[in-house]
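Visitor: Please take me through this structure one feature at a time. I would like the general idea behind each term, then the case here.

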Amino acid sequence: MLLDMAADACGERIAVSCAGQQLTYAELRRAARAAAPALAGGGFAHAAFLDTNGLAAPVALFAAAYAGVPYVPLNYRLTAPELEELLARVAPAWLVSQPQQLSRLKLPAGIVSIEAAALLAPAREPGPAEAPDLPGAVAILLFTSGTTAKPKAAVLRHDNVMSYILGSVEFGAAGEEEAALVSVPPYHIAGISAVLSSTYATRRIVMLPSFEPGEWLRLVAQERITHAFLVPTMLVRVMEHLALHPAGPFPALRAIAYGGGKMPLAVIGRALEAFPNVDFTNAYGLTETSATVCLLTPEDHRTAAASPDAAIRRRLGSVGRPLPTVELQIRDAAGAVLGAQEPGFVYVRGPQVSGEYRGLGSLLDAQGWFATQDRGWVDAEGYLFLDGRADDVIVRGGENISPGEVEEALLGHAAVADAVVVAIPSEQWGEAVAAAVVLKAGMRTDAQALQQWVRERLRSSRVPERVRFVSELPYNEMGKVLRRVVRSEMADEDA
Amino acid sequence: MRVLKPGLRLKSAVCATEVMVIRSPGTEGLVTCGGLEMLGMGDAAPAGATLDPAHAQGSLIGKRYVDATEALELLCTKGGAGSISVDGAPLSIKQAKALPSSD
């Protein structure tokens with residue numbers, strides 16, 4: 001329906017371009033409709049996609065909708081055995097991929113592969129005129145990263161996804177000159193919502209298959225990009241690149257949205273200075289909530305940056321307030337709803353919130369609330385501040401310690417480039433605080449100095465009992481630090 | 001008359017207009033376009049149905065149409081020549097919300 005509306009109203013507009021190739025909305029619809037009959041008629045349970053960002057990603061996404069088959073984009077960075085296991089779970093399935101991906105896989109039974117390039121060939125046969133009207137059917141299945149257990153498959157239904165798009169985007173709102181640069185991968189909820197939002201806004205999408213800051217900046221200039229979404233590490237790398245290779249100005253660039261992880265305050269402060277004419281928006285959302293549930297708007301950023309009031313200035317570190325269609329609650333461990341300023345667990349409710357996993361069913365409570373597993377609190381005006389994941393909390397002698405506040409203290413030290421704080425087992429306390437620290441090039445300090453630094457700023461229970469210096473911290477490709485890896489490395493030192 | 005549930009899609013009997021219910025109080029209502037009751041997506045148009053000139057201000061793709069209370073909201077998914085009413089009262093175009101792009 002989204003693509004039909006865009007193609008009906010603005011068929012000749014460029015929908016998506018990548019590496020010199022492009023599709024108009026009419027061409028995108030034709031390609032998606034042409035692919036749909038084979039997908040719908042082949043007895044497939046899923047339409048899997050295993051490739052980098054490119055023109056084939058939106059074609060496969062919309063072909064799945066026209067065929068009424070759930071779309072399952074897979075992470076191309078996974079190992080062959082991991083991918084084979086996921087493919088076996090979604091079989092029988094259609095798999096859109098590339099020869100170099102397929103050549104490393106032993107496809108499980110029931111997987112029929114099709115090359116991404118074949119989706120872009122001219123229409124061979126007319127597809128269905130309309131996507132089937134299946135509001136309650138599964139639109140998208142997204143596998144979580146599964147660092148501790150088997151990956152879970154988050155289920156998003158058509159009505160979840162449509163509620164998000166219709167609640168947050170105005171149809172055809174984009175001017176003809178607007179272009180969005182998509183650098184998040186197609187298997188991430190932000191990569192999917194970028195395609196859907198831009199289609200509904202009829203904003204041209206420029207795909208960057210693999211993020212690299214120099215290439216990102218080059219495309220921003222060359223394609224006259226007006227809108228972009230970045231995860232925090234990407235913005236960090238853009239800022240680092242700009243410091244070494246000054247570029248710009250980028251007169252077309254109007255809006256940068258960021259989300260998908262904690263943005264260091266110093267980075268967003270520098271970005272606001274480097275791009276004074278750009279609107280910054282912080283978007284907080286999860287896969288299970290069909291993307292964004294809270295927004296810190298450009299106006300919020302400017303107000304906070306300019307305010308002499310510390311309570312308002314700190315909102316630069318907030319993820320903002322809920323969308324008009326989303327409700328938010330902070331609850332304590334027993335489930336009681338908390339007031340402003342009281343830290344607890346973040347719950348959200350709204351038609352876009354799925355909270356459902358394949359095989360586990362809906363995890364919404366009886367009133368429709370979803371426990372995000374994020375910790376946080378809201379200020380007097382409803383701005384949400386996040387404080388890590390529920391299971392990252394360090395419980396030391398019955399006291400809950402948030403890794404975030406200790407990390408922030410460590411990052412304030414002149415010699416510290418990066419730091420992560422985790423729990424290690426402790427006979428005395430149950431758990432104790434440990435820090436892995438990366439020093440800036442050419443800088444030196446030692447564990448005692450850092451412990452003293454933290455002691456001067458936080459309660460003594462927050463002082464890391466162990467400080468380990470490392471050359472770099474483990475991050476996943478979306479810029480999330482892998483706490484579990486750090487935890488097991490720190491714990492191994494005991495052995 | 002039909003129960004107007006969110007997600008319900010209807011098409012005009014006399015023009016290209018199609019709508020989807022976005023928000024509703026869950027009550028019954030008579031949705032008309034161009035002066036005639038709107039049809040289910042699979043229904044055939046009655047023979048000889050014509051656009052009533054009194055209901056021919058047109059509908060615009062992508063616009064949200066609301067009743068006086070804004071409790072009922074329809075999204076126009078295909079524009080057409082007929083204008084949309086519920087229980088005899090013409091719907092009006094809702095002002096676009098200004099949310100910043102977040103993805």
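Visitor: Is strand 9 of chain B buried or exposed?

Guide: Strands (E, at least two residues) and helices (H or I, at least four) are DSSP runs numbered from the N terminus. Buried means under 20% relative accessible area, exposed over 50%, and partly exposed in between, with a 1.4 Å probe and protein chains only. In strand 9 of chain B (residues 73–78), 5 of the 6 residues are buried, so the rest of the structure largely encloses this strand. This is a predicted model in which local features need pLDDT of at least 70 and side-chain atom pairs count only at pLDDT 80 or more, while totals for chains, interfaces and linings use all residues. Residues are numbered from 1 along each chain as its sequence is written, chains are lettered from A and ligands numbered from 1 in the order in which they are written, and side-chain values use heavy atoms, with hydrogens and water left out.

Visitor: Which strands are joined to strand 9 of chain B by bridges?

Guide: Two strands pair if DSSP finds at least two bridges between them. Strand 3 (residues 18–23) of chain B runs antiparallel to strand 9 of chain B, with 5 bridges; Met20(B) has Leu75(B) as its bridge partner. Strand 8 (residues 64–66) of chain B is also antiparallel to strand 9 of chain B, through 3 bridges, and here Val66(B) is partnered by Glu73(B). Strands 8 and 9 of chain B make a hairpin with 6 residues between them, and Glu70(B) in the turn has a positive phi of about 65°.

Visitor: At what angle do helix 1 and helix 8 of chain A cross?

Guide: Two packed helices are described by the angle between their axes and the distance between the axes. The axes of helix 1 (residues 2–10) and helix 8 (residues 189–201) of chain A cross at roughly 35° and come within 8 Å. Contact means heavy atoms within 4.5 Å. Helix 1 of chain A contributes Leu2(A), Leu3(A), Met5(A) and Ala6(A), and helix 8 of chain A contributes Leu196(A), Thr199(A) and Tyr200(A).

Visitor: Where does Thr32(B) lie, and which residues does Thr32(B) touch?

Guide: Thr32(B) lies in strand 5 (residues 31–33) of chain B and counts as buried at 12% relative accessibility. Leaving out residues up to four places away in sequence, Thr32(B) touches Glu37(B), Met38(B), Ser83(B), Ile84(B) and Ser85(B).

Visitor: Where is Gln98(A) found?

Guide: Gln98(A) is in the loop between strand 5 (93–97) and helix 5 (99–102) of chain A. Gln98(A) is partly exposed, at a relative accessible area of 23%.

Technical notes: Axes are lines fitted to C-alpha atoms, for helices over the stretch in contact, and angles run from 0 to 180 degrees between N-to-C directions.
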